[in-house]
Amino acid sequence: MEDNLVILIVPPSDTFRQPEEDLGLGYLSAVLNEKGIDCEIIDGFLSSIETEEIKNEILVRKPKIVGFTLYQDSLDSFSEIAKFIKLKVPSAHIAIGGFLASFNYEWIFSSFPGLVDSIIIGEGEVTFSELAEKLIAKEDWKKTAGLIFEGSEKPSILKNREKINNLDLLPFPDRPTIRETIAQKNPVHISCSRGCYGDCSFCSVNSFGRLNSGEKWRGRSIKNIVDEIEEVSLNYGATYFKFVDDCFFPPDDKGKRAEELCKELNKRKLKINFRMSCRADDVDKKTFRLLRDHGLFSVSLGVESIIPRQLKEWRKGTTPKQNISAVEICSELGIIVQMGYIMLDKDSTIEELKLHLNFLQKYDYVITKGIYSCVFAAEGTDLTEEYIKGTNVKKKGINLEYRFKSKAVSEIASALKKWNKSYGDIYHWAIDSLSAPKAISGQEREEIHKTVMLLKRKELFLLESLIQLYEKGDIGLVDSYINQKIIENRSFFTSVKNDLVDFYEKANLPYKKGINPYL
Ligand code: B12
Ligand code: SF4
């Protein structure tokens, strides 16, 4: 047993999503190593390391602590590895963390009895390093704030764990997979801030922030961010960056942070390409022109809807006008918009569907994640709390399923879902290079954008036809209509698939197929 060794694992995932750097574990590892505790990361997802190989590594190294980050699509590989550890290296402490673990701790303890020693709730660095120090010193770890264990009391202790207020005090994250990341043409991740000042009821980021006490939005200083960008550029030649924070801007910023960033990049003569996420009401032309001129080529924009009812119920805090203006500004500036958009919820009506359709048709050049988009009631969110009180909902594992109130909407939603199930893999493949976004040239982006538009327009035409069927009084024909369309379009999708194979080969982009567990 290596008395001082911590191994952090991203288990292999069975998913259509393409792997990217895991900054969460990178930060945990950097903090532990800084404290003199040996910490290594095995990214089974990104590095395609099979569970057998991970088990072997653990058997040979016999770590003191094994930490896992969990997603729904990696639960099987996690439980296989954890069972092996309990059998072969029983002295190792198994800790898990991240969003899924933080919101579903009761379900985890009951689904994997005896496998998990502790679950770290919320932000991990301080809690996990305290836990590791106590375990190494053989002290009682059970009173550590911010964690929970099987049989422990409900997490009133969690409230004691403060969020890290000054993020500049954190070391830069360890990046054991950076060479692979760049070779896979993935952008290098940078976390410029944590949390979001928004309060959307469906949002996991919002509820995750409430698991620990402290400020909602915390930003690193621009100097600290650019120091890291510079270091990664110089050491590894990285030029494409993904700012993974959900909201680059602090509240009431009025473009100040963007100006500061651009000034600092100029001062150091750093020429980078980057993507960021923000709210629609953070977009103004002057700021975004400046950002574009300093490398912003893509923005993940939380529009969600243009229906006042939905924006209000979801506490989005933006108006349809602000949402539309943000999309128009980005398009005018030639910035790709990866638009967060949720068309359906349990109260959706046909009239609302028509408004969505008009909007999506008018601004069809934005990238969306497929025509079937339905509000996801994630565990821990206010929306889920509210839905649970309703009668049309049932729990399936850790997911909440609900029915649509309108029969017609329900028929159309099922048809769209069926369509996405049939061809969603091709759609996802097509948008991935734009939505990740991959480190490809502007010309390649334009080329793949054309393919995405072909697919998207087909989906929008389909939605229009379904609404027309309803208006003609033929809602009963929706299912047979979609079945017919799925068959009719086989050769179209085969030809798009061939184009994608060519494109990915030409652009030298890897792509791993997988299933979408959410459809
Ligand atoms: C980049 C990203 C990805 C990347 C890389 C994933 C990764 N492994 O980091 C990719 C594109 C692959 C991805 C995929 C998915 N993602 Co994602 N992703 C993000 C994003 C934008 C940033 C992650 C990040 O780097 N954060 C910054 C770091 C510092 O924070 P962190 O990762 O949360 O880690 C901290 C804590 O969570 C905790 N922690 C995490 N793991 C562990 C483990 C241990 C042992 C301990 C002690 C602590 C700990 O400590 C860390 C340091 O404080 C987040 C949004 C967000 N705000 O985080 C969504 C997010 C995490 N993703 C999400 C989802 C849903 C997914 C997918 C399931 C989507 C899908 N439809 O398939 C897939 C899962 C596929 C998979 N198996 O990974 C959701 C999770 C929501 C939820 N309730 O579970 C988020 C929150 C987005 C959202 N707004 O809803 N994602
Ligand atoms: S603005 Fe975006 S990140 Fe912020 S709370 Fe709303 S959905 Fe979440």
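In this predicted model, Asn104 touches Glu379 and Ile398, residues up to four places away in sequence being left out of the count. Asn104 sits in the loop between α4 and α5 (105-111). Its relative accessible area is 8%. The cut-off for a buried residue is 20%, so Asn104 counts as buried.

The chain is divided into two parts, domain 1 (2-148) and domain 2 (167-406). Their C-alpha centres lie 27 Å apart. The two domains are in contact: 28 residues of domain 1 meet 35 residues of domain 2. About 2,800 Å² of area is buried between domain 1 and domain 2. Carbon and sulfur atoms give 58% of that area. Within domain 1, the residues that lose the most area to domain 2 are Glu21, Tyr27 and Phe103. Together, these three account for 27% of what the domain 1 side buries.

Between domain 1 and domain 2, the count is 5 salt bridges. Glu21 forms a salt bridge with Arg175. The closest N and O atoms of this pair are 3.0 Å apart. Glu21 is also among the residues of domain 1 that lose the most area to domain 2. Polar contacts were counted with both residues at pLDDT 80 or more. On that basis, 16 residue pairs are in polar contact across the interface of domain 1 and domain 2.

The largest share comes from α1, with 8 residues. By class, this side of domain 1 has 12 nonpolar, 9 polar and 7 charged residues.

A further buried site is found at Val337. This residue lies in strand β13 (residues 336-341). Val337 has a relative accessibility of 4%. That value is under the 20% cut-off, so Val337 counts as buried. With neighbours within four places in sequence left aside, Val337 is in contact with Val299, Leu301, Cys330, Val366 and Ile367. Leu301 is 36 residues from Val337 along the chain. Even so, the C-alpha atoms of Val337 and Leu301 are separated by 6.5 Å.

How values were computed:
Residues are numbered from 1 along each chain as its sequence is written. Chains are lettered from A and ligands numbered from 1 in the order in which they are written. This is a predicted model: local features need pLDDT of at least 70, side-chain atom pairs count only at pLDDT 80 or more; totals for chains, interfaces and linings use all residues. Side-chain values use heavy atoms; hydrogens and water are left out. Domain bounds come from an automatic or database domain assignment. Contact means heavy atoms within 4.5 Å. Buried area is the accessible area (1.4 Å probe) that two parts lose on being put together, summed over both. A salt bridge is a side-chain nitrogen of Lys or Arg within 4 Å of a carboxyl oxygen of Asp or Glu. A polar contact is a pair of N or O atoms within 3.5 Å; within protein, one must be able to donate a hydrogen and the other to accept it, and residues adjacent in sequence count only if both atoms are side-chain atoms. Helices (H or I, at least four residues) and strands (E, at least two) are DSSP runs, numbered from the N terminus. Ala, Val, Leu, Ile, Met, Phe, Trp, Tyr, Cys and Pro count as nonpolar, Asp, Glu, Lys and Arg as charged, and the others, Gly among them, as polar. Buried means under 20% relative accessible area, exposed over 50%, partly exposed in between (1.4 Å probe, protein chains only).
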